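Here are some notes for a colleague who is meeting this structure for the first time. Please read them with the sequence and the model side by side.

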Amino acid sequence: MEKVIGQAVTRVEDGRLLTGQGKYIDDIGTPANTAHIAILRSTYPHAKIISIDTSEALKLRGVKGIVTGKDILPYVQPFSVGVSAPVKYYPMAIDKVRYVGEPVAVVVAKNRYIAEDALEKIKVVYESLTPIVDIEKSLEEDAPLLHEHIGSNIANHRTFHYGKVDEAFEEADRIVKHKFHFPKYSATPVETYGMIAQYEESSNQYTIHANFHGPFVIQSVMAGALKIPSNRLRIIVPKDIGGSYGIKAGTYPYIVLCAVVSRMVGCPVKWIEDRQEHLSASSSGTDRVTYIEAAVKEDGKVLGLKMKLIDNVGAYIRAPEPACLYRTHANSTGAYDIPNLMIDAYAIMTNKLPTGLIRGYGGQELYFPLERIMQEIAHQLQLDPADVLRRNLIKKEQFPYQTASGGIYDSGDYEKGFELALDMGNYKEIEQKREDARQRGKLFGVGLACIVEPSGSNMGYITIALTPEERASSLPKSGCAEAATISMDPMGCVNVRISTTPSGQGHETVSAQIVSDVLGIPREQINVVAELDTSTSAWSIASGSYSSRFASLGSSAVFYAAHKVRKKLIKIAAYHLQADEDDLTIENGSIVSKKDPSIKYSMKRAAGSAHWNPLSLPDGMEPGIYETYYYTAKVAEPPDENDLVNSSVTYGFVADMVTVEVDPDTGEVQIIDYFTVHDAGKLLNPLIVDGQIYGGLVHGLGGAMYEELAYDEKGQFLTGSFMDYLCPTAPEIPNITIKHIETPSPLTPLGAKGLGEGNTMSAPAVIANAVNDALKPYGVMIDTLPLSPNRIWNLLNQAKEKKGANQV
Amino acid sequence: MNGEGSLTLEAGLQQSWDILLDPNVLQKCIMGCNKLTQVEENKYKAELAIGIAAVKGKYESTIEIADIENLKSYKLIVKGEGGPGNVEATGVIHLEHQDENQTLLSYTYEAEVGGKVAMVGQRMLSGVAKLIIQDFFKKFGKELKNIEKSA
Amino acid sequence: MTVHEVEVKINGKTYKEEVESRMLLSDFLRETCGLTGTHVGCEHGVCGACTVIVNDSAVRSCLMFAVQVDGQEMQTVEGLAQNGQLNSLQKNFVECHGLQCGFCTPGILMSTTDYLKKHSTPCKKDIQDMLSGHLCRCTGYDGIVKAIEKTVEDQKINI
Amino acid sequence: MKPAKFDYYCPKTVDEALTLLEESGFDGKIIAGGQSLVPIMNMRLSTPDCLIDINRLQDLDFIDYEEGLVKIGTLTRQNRVETSDLIRQHIGLLSEAVPFIGHVQTRNRGTIGGSLVHADPTAEIPLALMTMGGSVHIASTDEVRTVNAEDFFVTYLTTDVMPTELLTEIHIPIWEGRVGYSFQEISRRHGDFALVASACQLSVDDQNRISNARLVLGGVESVPLLVTEANELLQGERLTDSLLDKVASIVSKVIEPESDLHASADYRRHLAQSLAKRTLQEAYVKAGR
């Protein structure tokens, strides 16, 4: 049978999704007597709650109950979080609101229409407090405090020194430095959050159906907040999730809220978040201020980096934050060989929506300043930016490469990837294009970026938020375990159960491909079950759909679980055939002798024996065929006492070249071409791979050009609809050309690495580099996003005014 | 949002001042104000229906007159809570004697709008706020004229 | 009047129901008729996930009230495949990887179905313009555009 | 996001609709395509007590040619306007403006009259109506009155149509002679509300001197702004660079744009000048052909 791993096979998921038979959270049906929830939310960024009057609302026909923050206190405690600052984060405001959109009261009613009628009748009296939204101002002495008992707005602060930073800066010919600001933006899956919660008093158990996709470490965070044993919180994830890109990890405060409300009102409850709620109060990426300094030699070689990172985690720090600061810790120096590194990392709180996972998590915040400063180094030294990147790229022979901060890059050929990108974009001919554009009155620019794409997070990396001393006092954390279960029923049919809770990445398809190859069964005959049930599935604290972990970890678990089944089948056959196990293999549904193909035993019969005739099995063998494999990579070790940590398992590579034209009159930017080269190791399904890359790239393009969760200086939220929160649509997409090189990972059994987040990380940087290059004649510096025409026009205008002033 | 403006009132200083502080006149001039009840000195409760065309929200509001400097200036503080969100607006109103029949009124305002209106209506918010405030003074000017006529 | 009788033909089948005036057509389809293939993504007419065909015209079902379709004919994603066979547009979405999570897909299929009926030979730019009324956060639109282009080609061959 | 309760009426004739309007007074609201109204109802920013649905008034769905005039029924869907040969031939500016409105799917439902009465300050159809010098018919149980575009738009989302009235038809004059027009706008994305929009229609004599010009800007005021001063200046002139600069400085002087998230007042002022020049130039070139 033809091998299907690595083939661009079409997806098994598509049939149901194209005919309206998908099973998303809002499609799965509800228990009898389920009521619907609407949430009253704060209209103030920062205020004390003086009183809440629900009496009029309760009078409405169809309203079953209303729950306020104070009401839930007997049933919940604050969510635990991985920092030492004692932040009390509840799923609903208790006595103070800290961001616009924070839940203040929950109405339970017969349907959503009535629930919203009741919202209008609730009267809340607030006493407004001074809000703070600016990252750096939040650190000032007299800044308003969000959490008075903490004494500052700092949730986490750590400083790291790797190598000989001071010496590098002394040795340098030049220090190139700048401050960058990466804005707050989101992912906005077209399906919003949704859940059905039911409390059963007799067993004190909560059962939740939700489009939560992990990390499942948060299951215990939720159980802790609900003050119940973790096996009394059963979370069931439906077969289909309508996109997430990380954001749906943030469903968990609402899961706890709905759970408690179900208990208090005494009926199952359903909540489907609406779009305004999603934009204002779900979760978002983290906005960051970065001060970056590079110590460079005249030839462009970077000797060392200093970075001060200030992450704005919003009104409350909540799991998995401050992970945005640390997810990319091991790859802080990107694709470059920079042995000396200093990082001063802060997570601070302001009156904005709390943050969480989002595609690229930490990568875009890191690479925007890093890749911008690489270009700036070239500008200041009057070198070709391509040459500066070449000078600093890690060389092929350096792999596995240990980074300054403890990362172990498993494999790669960065120079080859980068040169391929330059060839694709015809970099040598770029000056001609610049001239052509000039003739048409346009400014042409080219941007380059090289980034490392981490995947498969090490569960230990987040503990780097604590000092080595603080870490020493608790259980060390490591690994990145993922589980898969494969069973063969009495008729020899295969079910595969995965715990990677996909939201469109095609895990069912790729799992079927892998199992097909290992067991020699046509993939169409394999049933893959992607629903996850924390009470019955095999899962780990690392399970879930984040950090591109399927290709590196999920697929490995499936691969090894399939091998366990294979081994058992061969064992059974060997016993019955009285043959040597090593001589047997699987071919076309049979277990066959390699030496003499006439000796064979059908797989169906082997499976049948295991179920129908267990007494015929070899001594000591368990009946049935139901094999689970937990896979973890050995390289995911806990951080050491010097704060060295390998924060991810595999590290892919992305090289981008982008060309743009800017209209100097209106400031409009047109992206002409986007060339991108990926090395994600062995590709499991190229069709799905390219789909992931296009999606991730366009999300990155959105961050570069359009998307921002905007607040005014008083903390009012301004982008509460899709008319103001601008997602890229089809006409905004430039020509995109993708090419691959495949340097297999030595760490994973299939040689695959994660992918799909790389261009989300690189696009903001490379597009900004291209636009900055176009505006080079004006001497402007792009240091924030998105690149709206107004922003570009302002920069051009300021430059013209400056020029004018200089001439005078 | 903030802004400023000025207009010439066709009345003397004293008369302008008296009328500016008259709650009946306030009620007539504030857009969508159906009822104004005094709760304490210089503090009123009102139900306001503010908005434009079909986009209107009802707000339960307090209107407060503060920092009174007789015949010179005062501060008007309007706070409202309603379905579409909350409004907090502060206006400082100055009067300046021109001649017996003319008084120069100048004002500055700061308005904060929160909740749904700000979240989805930011595109027109500052324009509409300006409009509502201009409407207030326009009506006020008219009121003065009417009183003049009837006097 | 706040409650109304509605009789509407959807995918060839007649539904007779009683609805409140304010019930959105999208909720009516999903909750009253059980046609959950039509998805709801923004309820303010931007994302396009809820797009259905009403009287030969692709429209947002979140921007109509159920009471407004009384006596009309509709088509939803459930009506595209015939006898269990995907139609050529659906097949091309499979071939070209035009969907990932699949949530925005039904709306896009309905828009495209209506559009291709009225425009037999759209160019890539036309297709992109038509798609501007839909948000897809998974695919970057590449697979979607290719699937529609391929369907246009297939139709040319069939003519 | 679910709308508040309302009573719904679906009149079968214009007279019935007008009677219903009169009976409901300030509490009634007409729904045509609903593409602007329903979003704000779903957000509960608009909570009419009574909705009068005019979608069954087929008499109001028409595009007719009359001597020197194109008449369009208020219920005519925007996509029909967009694809109408009659409109393209006689009042082409409208054909050029409509594709900028939202998206195919919203134009399938959205109506020409609905867009006019909604009167968004950046909307395309109001801008086009003003540029071409059109007028509208407004009916009530008492009378049908005609209002010129100049008098129709009052302020943000507000027109001269009273709560008991119904806009029934739109009349757009067909300009005589050598006519050129242009419609341009700058928006963040395809189909978004314009940051600034500009429309220009003009006619020239056989010497290429401008005999009549109407330049209108959107997004810079609460209503579409007819730049009268510029139009007067252009009268009898050939378009030159210095004339364009003069128009731009007039534009800058007469507008008072607001700032929002997507564009500052200064940027809007700049765009207004640029777009005024661009549309004027394009219209002039087209007229001269």
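1. On the surface, D134(A), E140(A), E141(A) and D142(A) gather in a patch of negative charge, where a patch joins like charges within 9 Å among residues with over 30% relative accessible area and no salt bridge (a side-chain nitrogen of Lys or Arg within 4 Å of a carboxyl oxygen of Asp or Glu). One of these residues, D134(A), lies in the loop between β6 (123-128) and β7 (154-162) of chain A. D134(A) counts as partly exposed because its relative accessibility is 36%, given that buried means under 20%, exposed over 50% and partly exposed in between, with a 1.4 Å probe and protein chains only.

2. The model is predicted, with local features needing pLDDT of at least 70 and side-chain atom pairs pLDDT 80 or more, while totals for chains, interfaces and linings use all residues, and side-chain values use heavy atoms, without hydrogens and water. Residues are numbered from 1 along each chain as its sequence is written, and chains are lettered from A and ligands numbered from 1 in the order in which they are written.

3. In chain A, 3 strands form an open, antiparallel sheet in the order β4-β2-β6; strands here are DSSP runs of at least two residues, and helices of at least four. The edge strands, β4 (96-97) and β6 of chain A, each pair on one side only, pairing being counted from at least two DSSP bridges. Strand β2 (residues 47-53) of chain A pairs with β6(A) over 6 bridges, and S128(A) in β6(A) is the bridge partner of A47(A).

4. In chain D, P126(D) sits in helix α8 (residues 124-132) and is buried, with a relative accessible area of 0%. Between P126(D) and E82(D) there are 44 residues in sequence and 15 Å in space, C-alpha to C-alpha.

Definitions and conventions
Patch = residues over 30% accessible without salt bridge, like charges linked within 9 Å, V, L, I, M, F, W, Y side chains within 5 Å. Areas by Shrake-Rupley, 256 points an atom, 1.4 Å probe, with all protein chains shown as cover. Lys, Arg positive; Asp, Glu negative; His and termini not counted. Charge placed at Lys NZ, Arg CZ, Asp CG, Glu CD.
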